[in-house]
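Please keep the viewer open as you read.

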Amino acid sequence: MDILASLGLGFSVALDPVNIFYCFLGVLLGTLVGVLPGIGPTATIAMLLPITFSLSPATALIMLAGIYYGAQYGGSTTAILINLPGESSSAVTAIDGYQMAKKGRAGPALATAALGSFFAGSVATLLLAFFAPPLARAALSFGAPEYFSLIVLGLLVSIALAHGSILKALAMIVLGLLLGMVGQDIYTGQPRFTFGFRELFSGLNFVSVAVGVFGVAEILRNLENEKTREVMVRTVKNLWLSKEDFRRIIGPVLRGTGIGSLLGVLPGGGHILSSFASYSAEKRISKHPEEFGHGAIEGVAGPESANNAAAQTSFIPLLTLGIPAHPVMALMVGAFILQGITPGPNVINDQPALFWGIIASMWIGNVLLVVLNLPLIGLWVKLLTIPYRALFPAIVLFACIGCFSINQNVFDVYAVAFFGIVGYVLIRLDCEPAPLLLGFVLGPLLEEHLRRAMIISRGDPTIFVTRPISAVLLGLALLAVVLAVLPSIRRKRAEVFVEED
Amino acid sequence: MAINASRRELASGGIFVAFGAFFALESLNYEIGTAFRMGPGFMPLLLGAALAALGLAIAANGLRKPDTDVAPPIPWRGIVLVLGTIIFFGATIRGLGFIPVVFVSAVAGALSSRHNSPLFAAMLAVTLTVMCTLIFVIGLGLTVPWVGTWLRFQGA
């Protein structure tokens with residue numbers, strides 16, 4: 001197998017000084033937004049997209065990927081030290097991590113999170129290297145009907161994995177799909193839903209939508225109840241783990257890596273689900289389940305490994321099929337397109353340096369993260385004391401400047417305000433924004449493949465069930481929805497997610 | 001409460017019905033086409049109708065199930081100031097130029113939190129203005145005038 005040669009090529013790209021620098025910048029920024037409240041990787045990547053335009057494709061994507069998995073690390077720091085998950089996927093880490101910190105074991109908790117994440121990240125990167133190429137080859141034989149079914153599957157699975165009302169998630173997806181239709185029709189050039197604005201002919205700006213619903217809406221949400229954050233642990237000592245700790249975390253880390261790698265591939269927040277799944281698995285098989293919730297180190301090791309593994313493997317559908325598994329991956333699609341590359345199965349053959357470079361950079365990024373997070377933990381603890389009221393004006397400004405700088409178009413800035421308020425109202429009404437963004441990105445693709453498939457079949461919709469791959473994909477989509485609405489599974493879902501609230 | 005239903009479900013259902021109806025009605029202005037050769041209006045009509053139907057289902061689901069928890073207070077001050085800041089930025093960035101707009105936006109943004117004093121807002125704004133100018137204008141070469149045409153003396 002020439003995987004070694006490919007990885008060699010990848011490392012030659014990733015070890016380029018410029019790329020190492022941007023990889024470092026990415027994981028640094030990622031850790032930063034993971035630590036800071038009120039801004040997540042989605043909004044950050046959206047705001048930084050325009051800046052990456054001037055970089056080479058590999059450099060840009062290496063940096064953006066770094067922000068994403070860096071945020072998973074940073075999120076666990078806040079979860080452990082102040083019991084507030086910086087990222088939704090570290091919500092579980094807060095349960096036992098914070099208890100450990102209260103007992104003066106913040107150091108071992110942070111070390112466990114970092115080591116577990118590092119191990120999981122390395123393994124998942126290897127998995128990505130092994131499984132992406134064959135998947136991409138298989139995807140090359142996909143025609144329009146298969147792609148249509150694949151997108152439907154992706155959208156529907158993301159609902160099954162989201163928490164809250166399934167009907168609302170469905171509605172958010174459809175709304176996203178419709179928003180994706182704004183602009184000129186691909187076949188006839190007819191402008192749709194533009195109200196005569198020339199600026200809308202090329203569609204709503206993706207960055208504006210993402211920054212609006214994930215950045216501005218989140219700020220408004222945080223302004224509802226302004227709380228001051230209590231930083232309990234101001235100095236972290238004793239970062240090393242005892243032999244006993246090591247013995248206790250090996251199992252959870254291994255299992256967490258497995259669970260995370262598997263669930264990460266699924267669309268729609270696999271990384272969040274995987275940390276919950278890992279936590280409940282550890283609790284169930286532990287000999288001391290009563291310790292969970294009171295500072296069990298297993299409760300930090302498992303979920304942290306799981307969410308980091310999932311963060312890496314969620315790149316698989318993106319790099320092989322061009323289908324984003326969740327909003328951050330949707331932004332990566334945007335980054336590819338900005339660079340003039342269509343993400344999909346062709347990337348691996350047409351741009352091998354880019355493809356393998358991104359994969360190799362993830363491993364380097366994971367090394368950098370361990371260095372950044374353990375010795376420099378004092379710095380992050382200091383950052384935790386920055387009050388939110390000083391932070392969000394900066395976020396609002398960066399959002400405006402970032403959106404404006406893409407096309408020097410003030411229309412994009414107004415769109416941020418519009419989607420900010422729409423997003424905020426919907427979030428207040430318990431509708432999650434992630435499915436909307438996913439629908440928005442996939443809308444044009446869905447329409448294109450549907451129309452193409454119908455032309456191939458001369459208007460016969462049975463084409464989707466008579467082609468075997470397409471039929472299987474649609475069957476899986478149906479299964480996902482049926483499972484999600486089954487009463488017993490519904491209760492399980494509620495149980496799994498209840499700990500988040 | 002007078003109504004025996006979840007206000008949240010009714011409101012979200014209503015929003016979805018409104019969006020769905022808008023897209024469906026608007027798409028009637030475009031060529032619908034046939035299943036074989038779909039026109040520009042086909043997908044939006046289908047999806048708009050689906051969204052409206054989903055909205056109705058959500059609203060129906062909320063009947064006789066009043067909200068149990070009290071919604072957090074609406075941050076009117078934050079909404080007006082944050083959205084106002086963004087619109088102000090868009091409206092004046094060309095005319096006033098980078099530095100004045102960023103400064104004013106930062107002050108307004110900071111004041112949308114009740115915990116920020118005017119002095120703190122001003123200090124924050126100075127810091128942010130310097131930072132943004134360094135990062136975006138000098139560092140990244142964003143081509144926008146430092147001080148815009150509205151503030152220059154004519155003929156000077």
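This is a predicted model: local features need pLDDT of at least 70, side-chain atom pairs count only at pLDDT 80 or more; totals for chains, interfaces and linings use all residues.

Residues are numbered from 1 along each chain as its sequence is written, and chains are lettered from A and ligands numbered from 1 in the order in which they are written.

**Where the chains meet**

Between the two chains, 56 residues of chain B are in contact with 51 residues of chain A; contact means C-beta atoms, placed from the backbone, within 7 Å. On the chain B side, helix 1 (7-27), helix 2 (42-62), helix 3 (76-96), helix 4 (98-111) and helix 5 (118-139) each give two or more residues. Helices here are DSSP runs (H or I, at least four residues), numbered from the N terminus. The chain B side consists of 37 nonpolar, 14 polar and five charged residues. Nonpolar covers Ala, Val, Leu, Ile, Met, Phe, Trp, Tyr, Cys and Pro, charged covers Asp, Glu, Lys and Arg, and the others, Gly among them, are polar.

**A helix pair in chain A**

Helix 4 (residues 57-82) and helix 14 (residues 327-338) of chain A pack at about 170°, with axes 11 Å apart. That angle makes helix 4 of chain A roughly antiparallel to helix 14 of chain A, a label for angles over 145 degrees. The axes are lines fitted to C-alpha atoms over the stretch in contact, and angles run from 0 to 180 degrees between N-to-C directions. A:Ala60, A:Leu61, A:Leu64 and A:Tyr68 of helix 4 meet A:Val328, A:Met332 and A:Ala335 of helix 14. This contact has seven nonpolar residues, with no polar and no charged ones.

The 19 residues of helix 19 (residues 410-428) of chain A should span 27 Å at 1.5 Å a residue, and the end C-alpha atoms are 28 Å apart, which agrees. The expected span is 1.5 Å times one less than the number of residues. Buried residues in helix 19 of chain A include A:Val413, A:Val416 and A:Phe419. Their cover includes helix 9 (206-224) and helix 18 (388-407) of chain A, together with helix 1 and helix 3 of chain B.

The largest nonpolar core has 221 residues, and A:Ala210, A:Val211, A:Cys400 and A:Val416 have the most contacts inside it. Such a core is a set of buried Ala, Val, Leu, Ile, Met, Phe, Trp, Tyr and Cys residues joined through C-beta atoms within 7 Å. Leaving aside neighbours within four places in sequence, A:Cys400 is in contact with A:Val413, A:Val416, B:Ile86, B:Phe89 and B:Ser105.

| Residue | C-beta atoms within 10 Å | Class |
|---|---|---|
| A:Val300 | 36 | buried |
| A:Asp430 | 14 | partly exposed |
| A:Arg458 | 10 | exposed |

A:Val300 sits in helix 12 (residues 298-313) of chain A. The C-alpha atoms of A:Val300 and A:Gly97 are 5.8 Å apart, although 203 residues separate them along the chain.

Most residues other than glycine have a negative phi. A:Asp430, in the loop between helix 19 and helix 20 (434-456) of chain A, has a positive phi near 65°. A:Arg458, in the loop between helix 20 and helix 21 (463-466) of chain A, has a positive phi near 55°.

Terms used:
Angles under 35 degrees count as roughly parallel, over 145 as roughly antiparallel, 65 to 115 as roughly perpendicular and the rest as oblique. A residue is buried if 20 or more other C-beta atoms lie within 10 Å of its own, exposed if 12 or fewer, and partly exposed in between; C-beta atoms are placed from the backbone.
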